[in-house]
Amino acid sequence: MTHDADCEKCEELLQGYLDRDLSREEFLVAEGHLDGCDYCRRRYRFEEHLRRYIRLSASERMPAGLLAKLSELRGPTVGF
Amino acid sequence: MSESGAAEPEADAGRRIATEARERVRFEEEALDLADQVYRVARRMVGTREEAEELVQDTYARAFRSWKSFTPGTNMRAWLLRILTNLNTDRGRKIQRTPDLQPLEESDYFLANKVAAVDGEQALEEEQVVERLSQGGVVDALAGLPHDFRDVVVLVDLGEFSYADAAQILDVPIGTVMSRLHRGRRILKQTLAEESIP
């Protein structure tokens, strides 16, 4: 397991990379490093899985009946 | 045809009312189509299902009243969430300030490193490696985040809003969104690591 200064730089770019919020230069730095570094690539993949898992775990669909309650809040119907 | 007599302006007014009613109905239908997505975000911003339902109902009541202030063609989901977070703040939630910040692991690889130490480096490649963190644990960890951080994490990571939308919804600068997001995610990962990995 190697973890050098390039890995540290890559780690700093992790969040922005997954959020697609890197400048072109930063993106190329991350991609270039990930190409040759298993250590960082695995951690990026892990973070990606983690995000998906968090979204899945925390996502709870609207309870039955709520939509009907919301519909009742609509304005008066006007014939037209 | 020249406009003469009193009947003509009345007909104009009638047409205007009918047009407005149609616009309102279209607005309401579009808003209702987004209800499930709005609820999913709301659910993680408050403690219970009942509170979330109430908050979403209050949001829609206000949205339907002030539908004319929505600019057609702009992001309605963000507009609704803006109302929702304002209402949530009005409920006095902001009184609870962000508590003293716990020291944080500086590394973004922290959780992955911990998992790798237990399950091995190769395990990080596997999709199911995160399942060692229970779904309930994720929900609890999210609920345990200080509000300011939680709102941003919920909007971006659950609601899939851009930084810019989240900034607009919460009425804070985009830099604040980014710093809260990064810190919130780190707290989340730290909690998950502490709860789930021996």
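1. Let's begin with helix α7 (residues 147-158) of chain B: nine of its twelve residues are buried, so the helix is largely enclosed by the rest of the structure. Buried here means that 20 or more other C-beta atoms, placed from the backbone, lie within 10 Å of the residue's own. Helices are DSSP runs (H or I, at least four residues), numbered from the N terminus.

2. A word on the basis: this is a predicted model, in which local features need pLDDT of at least 70 and side-chain atom pairs count only at pLDDT 80 or more, while totals for chains, interfaces and linings use all residues. Residues are numbered from 1 along each chain as its sequence is written, and chains are lettered from A and ligands numbered from 1 in the order in which they are written.

3. Among the buried residues of α7(B) are B:F149, B:D151 and B:V152. The buried set packs against α3 (38-58) of chain A, and also against α2 (35-45), α4 (76-90), α6 (135-143), α8 (163-170) and α9 (174-196) of chain B. Just after α7(B), B:E160 has a positive phi of about 55°.

4. Do look at B:V177, in helix α9 of chain B. B:V177 is buried, with 24 other C-beta atoms within 10 Å. Leaving aside neighbours within four places in sequence, B:V177 is in contact (C-beta atoms, placed from the backbone, within 7 Å) with B:V152, B:Y163, B:A166, B:A167 and B:V172.

5. Finally, the contact between the chains takes 38 residues from chain B and 32 residues from chain A. On the chain B side, α3(B) gives the largest share, seven residues.

How values were computed:
Helix = DSSP H or I, 4+ residues; strand = E, 2+ residues; numbered from the N terminus. Contact = placed C-beta atoms within 7 Å.
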